[in-house]
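Visitor: Could you take me through one part of this model in detail? I'd like to look closely at the charged side chains and how they pair up.

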Amino acid sequence: QDDTHKTLSPISLFLEAKPELFSGPKTHNSDRTMDLGLAEDHFSRPVGSFVASDIEQLKQAIGECKKLILELPEHSERQKDTVVKLIHLRLKLQELKDPEEDEPNLRVILEHRFSKEKSKSVKQTCDKCSAIIWGLIQTWYTCTGCYYRCHSKCMNLITKPCVRSKVSHQSEYELSICPEIGLDRQDYRCAECRTPISLRGVPTEARQCDYTGQYYCSTCHWNDTAIVPARVIHNWEFEPRKVCRSSLRYLALMMSRPVLKLKEINPLLFNFVEELVEIKKLRQDILLMKPYFLTCKEAMEARLLLQLQDRQHFVENDDMYSLQDLIDISSGRLSCSLTEIHTIFAKHIKLDCERCQAKGFVCELCKEGDILFPFDSHTSVCQDCSAVFHRDCYYDNSTTCPRCARMTERKQDDEELTESSGIK
């Protein structure tokens with residue numbers, strides 16, 4: 001045992017100099033080449049104050065531990081045991097550098113609403129300093145609005161407001177493709193934290209965000225990728241592009257918001273993307289079905305309209321789209337799901353419910369055929385009175401609607417009766 005301590009003198013000296021760092025009995029097993037004295041209480045807070053020499057001694061012990069791991073036989077019990085000890089030493093070093101303090105559960109900074117995390121996962125990364133969050137020994141927070149994560153010690157260094165507030169106050173996309181302004185307009189500084197940057201990587205690499213067109217440092221731009229709305233709308237392109245961290249969060253929060261009016265932004269898109277035309281027709285049919293459900297007790301009890309609760313705008317209008325809608329249209333998922341819902345709705349109105357069937361129409365032009373509904377593919381609807389006819393019988397520009405004619409005639413009769421009776 002004495003020979004072993006001579007071999008690992010830096011570790012042994014450190015343990016003898018600072019025995020209060022660790023607790024637990026020392027082992028006397030001759031098969032063990034080292035013992036750091038770590039037991040169940042190795043994550044407890046050390047007692048007493050520490051100076052720079054304590055950290056240096058712990059670093060030296062870690063270095064000796066690494067060397068020993070390389071010298072020991074691979075996959076041996078002694079090597080595995082030494083690896084565990086090395087992990088404990090590293091955690092203890094991190095604790096000395098960043099001792100945990102009592103922190104409030106909630107903190108509000110620049111419209112971020114930070115909640116103290118209880119998870120001990122070590123797989124998170126601080127969005128401010130880009131370092132790993134060691135959940136076992138460090139306090140960290142997550143913004144409940146934009147999911148910004150950071151160490152407790154980094155919170156006072158945050159300069160970017162919560163993206164959720166921007167989504168609430170300014171729900172619109174940048175619709176120009178990568179609107180670059182140049183590094184000189186940014187004064188050769190990061191667009192977010194103002195750190196000096198350059199394309200040569202001196203002092204820090206400049207990384208461009210494809211969404212904003214601006215340049216960022218490596219701390220604010222992690223080379224994350226996201227689908228850029230402007231490229232989708234103008235080029236129908238869905239290849240993910242590199243974006244900065246704040247753009248990544250903004251795009252994620254905006255993903256399901258119906259803020260894109262394609263008819264105004266790029267009306268020619270409907271001429272080149274057949275799937276868009278199909279989806280538009282299905283949405284128009286669903287809007288025509290909606291009045292049937294609102295006046296049908298069975299449909300309200302069955303909550304049929306809730307099948308579109310994830311896309312609420314589909315039962316409100318037919319021209320607003322979210323970025324998620326366009327992504328699902330491109331992949332074919334939306335067409336399949338919307339066609340299925342359309343079939344369920346039509347089945348209720350035309351087959352399952354007698355009350356809804358009674359609200360159908362008979363073509364007044366040919367007075368033949370089955371009961372017609374405005375969402376049938378072979379029908380036409382009068383834009384003035386909403387009467388339904390066979391498409392082959394009714395043409396918008398050349399056919400007079402019988403229902404409109406009756407209503408006009410009735411209105412004239414009422415006016416004449418009013419005048420003849422002397423009532424103004």
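Predicted model: local features only at pLDDT ≥ 70, side-chain atom pairs only at ≥ 80, totals over all residues.

Guide: Let's begin with aspartate 127 and arginine 249, whose closest N and O atoms are 2.8 Å apart in a salt bridge. Aspartate 127 sits in the loop between β2 (112-116) and β3 (140-143), while arginine 249 belongs to helix α7 (residues 245-254), so this pair ties together parts that are 122 residues apart in sequence. How covered are the two partners? Aspartate 127 has a relative accessible area of 7% and is therefore buried, the cut-off being under 20%. Arginine 249, at 10% relative accessibility, counts as buried too.

Now turn to glutamate 205 and arginine 207, which form a salt bridge with an N to O distance of 3.3 Å. Here glutamate 205 is partly exposed at 38% relative accessibility, whereas arginine 207 is buried, with a relative accessible area of 17%.

One more pair is worth a visit: aspartate 187 and arginine 189 meet through their side chains in a salt bridge, at 3.9 Å from N to O. That distance counts because the cut-off for a salt bridge is within 4 Å. Aspartate 187 is partly exposed at 48% relative accessibility, and arginine 189 is also partly exposed, with a relative accessible area of 32%.

Technical notes:
Residues numbered from 1 in each chain as written. Heavy atoms only, no water. Helix = DSSP H or I, 4+ residues; strand = E, 2+ residues; numbered from the N terminus. Buried < 20%, exposed > 50% of the residue type's maximum accessible area, 1.4 Å probe, protein only.
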